[in-house]
Amino acid sequence: MGDFRKALGDDGLLIFDGAMGTLLQGRGLSPGQSPELFGLAHPEAIMATHREYVQAGSRVITSNTFGGTRYKLPAGTDVRALNREMAKAARQAAGPGVFVAGSVGPTGHFVAPLGKASLHDLVDAFAEQIRGLAEGGCDLIIGETHFDLAEAKAVILACRQVCSLPVAMCMTFEGAASLTGSSPEVFADTMENLGVDLIGVNCGQGPDDMRLVGEAFSRRLRTPFFVKPNAGMPRLENGCTVFPMGPEEFAEKTARFADLGAKALSGCCGTTPAHIAALAATLSGRSLKRMDTPDRPVLAITARSVTVPVGGGSPLALIGERINPTGKPELAAELVAGEFTKALAFAEEQTAAGAHVLDVNVGAPMVDEVAVLPGLALELVKRQQLPLCLDSNNADALTAGLWAYPGTPLVNSISGEPGRMERLGPICRDHGAPFILLPLKGRKLPVTAAERLAIIEELLAQADSLDIPRRLILVDALALTVSSKPEAAVACLDTIRYCREKWGLPTVLGLSNISFGLPARELVNSTFFAMCLGAGMAAAIANPNVPRLMETLTAGEVLMGRDPQAGRFIGRYAGWKPNQGGGGVTVAAAGAADDGESPLRRAVVHGRREEVLALVETALAEGRDPAKLLSEELIPGIMSVGERYERKEFFLPQLLAAAEAMRAGFSRLEPLLVETAGAAKARIVMATVEGDIHDIGKNIVCLMLKNHGFEVIDLGKDVSAERIVDAASEHGASVIGLSALMTTTMVRMEDTVRLVRERGLAARIMVGGAVVTAAFAKSIGADAYATDAVDAVRQAKLLAGAV
């Protein structure tokens, strides 16, 4: 075993291996057969494949364990032993000077609230696999082809639990985002927060399309990065899936990533030892190009689809403070009952008002914070996109909240309270969660800047001793009320400047404390806010619904040179007018106009399931026609969601939440529609083709089709052409929908097309999946190709109407 971290730190480039599937098929792997089980039975075939890549110039080879979790392997498989043996086979084949990466692929299950699995469930499964890989002699663990931030996080947490090996993590992107809405920037910031050793992108794209991801990494990452493109996009030739890009073209285009500062390069689907040999030859004699990283944030708070940079030249991050039961008896009562209606309304209100992060505090008498904080966090993750700030004095509640969150939220806070840094610091470090460092210790308030800075310095030393990186620390400058401590505001400003200039640390304040006990508090708060902006404050905890504060912030960003061409200011205040009485202002805020949606339609769009049910009941009680509620409210709502999804305004979490809300409303109306039903529903048979065990995409399509009135016969995954056609005939289906994720199984789609034609069925055939293209669909004679779930509904409607 070698020291992979040392290799990452030198100036050499690292060439990984390429695809294994085609080579293993040439050595006896049957279509649809588990490569891992095949490898266990035929280790010599695996080692021969590894050796081919070593001979081609790979310095890192990848174990045959991509599908090596309990979720992918048959029941009864000794997961740990299988992974150990596959790692040993790779170790034996590697020889001296070659590293072995233990491959960990996705499980095919979403973490709640997108699916039924918990983060703990996935961590347990990955830990079982990684133990075997570590025991088998791997030099590093590599997550490959991951498409959801929460699952990628689970791999990293699992690795930290069971070993000290370096971790590489690769995500697959569809255009500008992953399947669940993470951009390259969100992924990069989250992985850096989590302390990953190598950050990469693989599969889904050829080197040309992957260029944009590489450029984003180049501008943002100090962590070494890895690119692993396909040899172009697959197409069907003579009944076989082929990738169009030959070794020389692939090598020439992939080598260009070295000019962007890539540390590691290789190939994914369609690449062979010849491709890797050509890449190694092209890069021979090249060394790592170290790049400036102008887009790298000082600190970042991330959600699945949003990253909020904090500090440096970034705009001030406004943390909305309204989800806090203090002084809000209605919210407190709901939290005691485990209900979140008011909290969710506060979240939407603050998002609309311009908050960048939402503080979530559920601390009130009789509230079980350990249950309620993660429960509310899950609901917020499902319904909106902003990152969260988990706010509690209860360390157990904060820990539970971190385990419920897919990204890297802000934690509020870690103070000098005895044992708090030792308890929470390592948890924040392992979850990659930035935290607010609060300079309070003992009973005496630190009034002067010197007193605050002394406590901060002590807490920083504690953090350093726990290997907590400075990029996770946001210092609270501690706003104390000036009515009792006149020097408090100046002390804050001095603390902000010192932290920024001497330590390079960003700072935050809870603004409203400064004016406690004074009249005209908004005037004091907004003036102090402007002074803090000028001193370099990076974030503020405040109420974004206070116009004066938002005016100060938006104008201040222009004056600080952080609003290019004053675009945000103009967009928000183009209609600004002084009130006639003076003092206040009237603002025509961007987006403030009525969007024209009815309350019920808006509830569908924003995934408010309980509100949809309540509004449907109210409408029925008022005598509204169930058919019109469906056609004029629910269906237009879900259509609007589809349009926003296609415009990349919404992502998979919002799509699923809206679909769930729509389904709830439809289920209530469905019995009332039977008597007045018109034409029978169109029927569609859905299946993942034979040999393919991936069904996430197909399941999403099924949900969307049901919401649009189709009767869906879902046959599941790994379904033979004969069974698909039999089901279509039995049910009189007008459409057959076929899904495939693997290049080795997409060819099975043609079997169904051929059998439908042979039997003379009228059913039209729609195909889709990550590896499927419009050209492939046309080549096999399919009637339609769908790019995603929204397009699948559109295509299905067209096909059903043509039968």
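Helix α12 (residues 329-336) and helix α13 (residues 341-353) have axes that come within 8 Å and cross at roughly 125°, which makes α12 oblique to α13. This is a predicted model, and the points below take up its helix contacts, its nonpolar cores and some backbone features.

**Helix contacts**

- The contact between these two helices is built from Glu330, Leu331 and Glu334 on the α12 side and from Thr341, Lys342, Ala343 and Phe346 on the α13 side; by class, the contact of α12 with α13 has 3 nonpolar, 1 polar and 3 charged residues.
- The axes of helix α5 (residues 79-94) and helix α6 (residues 119-135) come within 7 Å and cross at roughly 35°, and α5 passes α6 in a right-handed crossing.
- In that contact α5 contributes Val79, Arg80, Asn83, Arg84 and Ala87, while α6 contributes Glu128, Gln129, Arg131, Gly132, Leu133 and Glu135; the residues of the contact of α5 with α6 divide into 3 nonpolar, 3 polar and 5 charged.

**Nonpolar cores**

- The largest nonpolar core holds 72 residues, of which Phe187, Met191 and Phe217 touch the most other members, and helix α7 (residues 149-162) supplies the largest share of this core, with 9 residues.
- Leaving aside neighbours within four places in sequence, Phe217 is in contact with Pro184, Phe187, Ala188, Ile199, Gly200, Val201 and Phe225.
- A second, separate core of 50 residues includes Ala355, Leu437, Ile455 and Leu460.

**Cis peptide bonds and positive phi values**

- Most residues other than glycine have a negative phi, and most peptide bonds are trans.
- A cis peptide bond, with omega of about 10°, joins Ala112 and Pro113, and Pro113 is placed in the loop between β3 (99-104) and α6.
- Asn412 and Ser413 are also joined by a cis peptide bond, with omega of about 15°, and Ser413 lies in strand β16 (residues 410-414).
- Met366, a residue other than glycine, has a positive phi near 75°; Met366 lies in the loop between β14 (357-361) and α14 (369-383) and is exposed, with a relative accessible area of 75%.
- Lys648 has a positive phi of about 65° although it is not a glycine; Lys648 is found in the loop between α24 (626-646) and α25 (652-673), where it is partly exposed, with a relative accessible area of 47%.

**Gly12**

- Gly12 lies in the loop between α1 (4-9) and β1 (14-15), and with 24% relative accessibility Gly12 counts as partly exposed.
- From C-alpha to C-alpha, Gly12 and Asn707 are 53 Å apart in space, and they are 695 residues apart in sequence.

Notes:
Residues are numbered from 1 along each chain as its sequence is written. This is a predicted model: local features need pLDDT of at least 70, side-chain atom pairs count only at pLDDT 80 or more; totals for chains, interfaces and linings use all residues. Side-chain values use heavy atoms; hydrogens and water are left out. Axes are lines fitted to C-alpha atoms, for helices over the stretch in contact, and angles run from 0 to 180 degrees between N-to-C directions. Helices (H or I, at least four residues) and strands (E, at least two) are DSSP runs, numbered from the N terminus. A crossing is left-handed if the near helix is turned anticlockwise from the far one by less than a right angle, and right-handed if clockwise. Contact means heavy atoms within 4.5 Å. Ala, Val, Leu, Ile, Met, Phe, Trp, Tyr, Cys and Pro count as nonpolar, Asp, Glu, Lys and Arg as charged, and the others, Gly among them, as polar. A nonpolar core is a set of buried Ala, Val, Leu, Ile, Met, Phe, Trp, Tyr and Cys residues joined through side-chain atoms within 4.5 Å. Buried means under 20% relative accessible area, exposed over 50%, partly exposed in between (1.4 Å probe, protein chains only). Angles under 35 degrees count as roughly parallel, over 145 as roughly antiparallel, 65 to 115 as roughly perpendicular and the rest as oblique.
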